[in-house]
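Take a moment to look over the chain below. Then follow along, step by step.

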Amino acid sequence: MLSRLFAPKVQVSAHCDLPCGVYDPAQARIEAESVKAIQEKYQANEDPHFRARATTIKEERAELAKHHISVLWSDYFKPPHFEKYPELHQLVNDTLKALSAAKGSTDPATGQKALDYIAQIDKIFWETKKA
């Protein structure tokens, strides 16, 4: 009797944590754009207090970008995607490494490199959404 009372009334299922459509590499791109912009501002400002704040924010944004890429890799991309795009594993790894490099650097070139990798993931992502 109690089991029927507390049994779910509706059952749902999904192949991912949430219904499709919640994933987008744009989140990582926005954070990486912030990293690069902060690196540029850091280079243009000699104030040590500004630079300390900029470094902290840059590192936070780089971590967020890494998080968004990791979520795409672990939650969105599925075996058929990796079969169609065999370079995807290496691309994600390269992107995460580039974001780590940007996190530890004040050189905007490292931020741009991360953005270039994210653009490649973005291209693949949108191709998978068309399928």
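Start with the overall build. The protein chain has six helices and zero strands. Read along the sequence, its pattern is α-α-α-α-α-α. Keep in mind that this is a predicted model. The chain has 131 residues, and 34% of them count as buried. The chain exposes about 8300 Å². Carbon and sulfur atoms supply 57% of that area.

Next, pick out helix H2, residues 26–43. How far apart should its ends be? At 1.5 Å a residue, the 18 residues of H2 should span 26 Å. Several residues of H2 are buried, among them Ala28, Ala32, Val35 and Ile38. Glu31, Gln39 and Tyr42 are buried as well. What covers the buried residues of H2? The cover includes helix H3 (48–76), helix H5 (88–103) and helix H6 (108–130). Tyr42 has another feature to find. Arg51 lies over the face of Tyr42, at 4.1 Å from the ring centre.

Now turn to the aromatic rings. A pair of aromatic rings is described by the distance of the centres and the angle of the planes. The structure holds five aromatic pairs. Take Tyr76 and Phe77. Their ring centres are 5.2 Å apart and their planes meet at 70°. Edge-to-face needs an angle over 60 degrees, so the Tyr76 and Phe77 pair is edge-to-face. Both Tyr76 and Phe77 are buried.

Phe125 and Trp126 make another pair. Their centres are 5.0 Å apart and their planes stand at 90°, so this pair is edge-to-face too. Are these two residues buried or exposed? Phe125 has 0% relative accessibility, so Phe125 counts as buried. Trp126 has 40%, so Trp126 counts as partly exposed. Step back to the wider group. Ring pairs link Tyr23, Tyr76, Phe77, Phe82, Phe125 and Trp126 into a cluster.

Finish with His81. His81 lies in helix H4, residues 79–84. Its relative accessible area is 16%. Buried means under 20%, so His81 is buried. What does His81 touch, leaving aside its neighbours within four places in sequence? His81 is in contact with Tyr76, Leu88 and Thr128. Tyr76 is also a member of the aromatic cluster.

Methods. Residues numbered from 1 in each chain as written. Predicted model: local features only at pLDDT ≥ 70, side-chain atom pairs only at ≥ 80, totals over all residues. Heavy atoms only, no water. Helix = DSSP H or I, 4+ residues; strand = E, 2+ residues; numbered from the N terminus. Buried < 20%, exposed > 50% of the residue type's maximum accessible area, 1.4 Å probe, protein only. Contact = heavy atoms within 4.5 Å. Expected span 1.5 Å × (residues − 1). Phe/Tyr/Trp six-rings, centres within 6.5 Å; stacked < 30°, edge-to-face > 60°. Lys NZ or Arg CZ within 6 Å of the ring centre and 35° of its normal. Areas by Shrake-Rupley, 256 points an atom, 1.4 Å probe, with all protein chains shown as cover.
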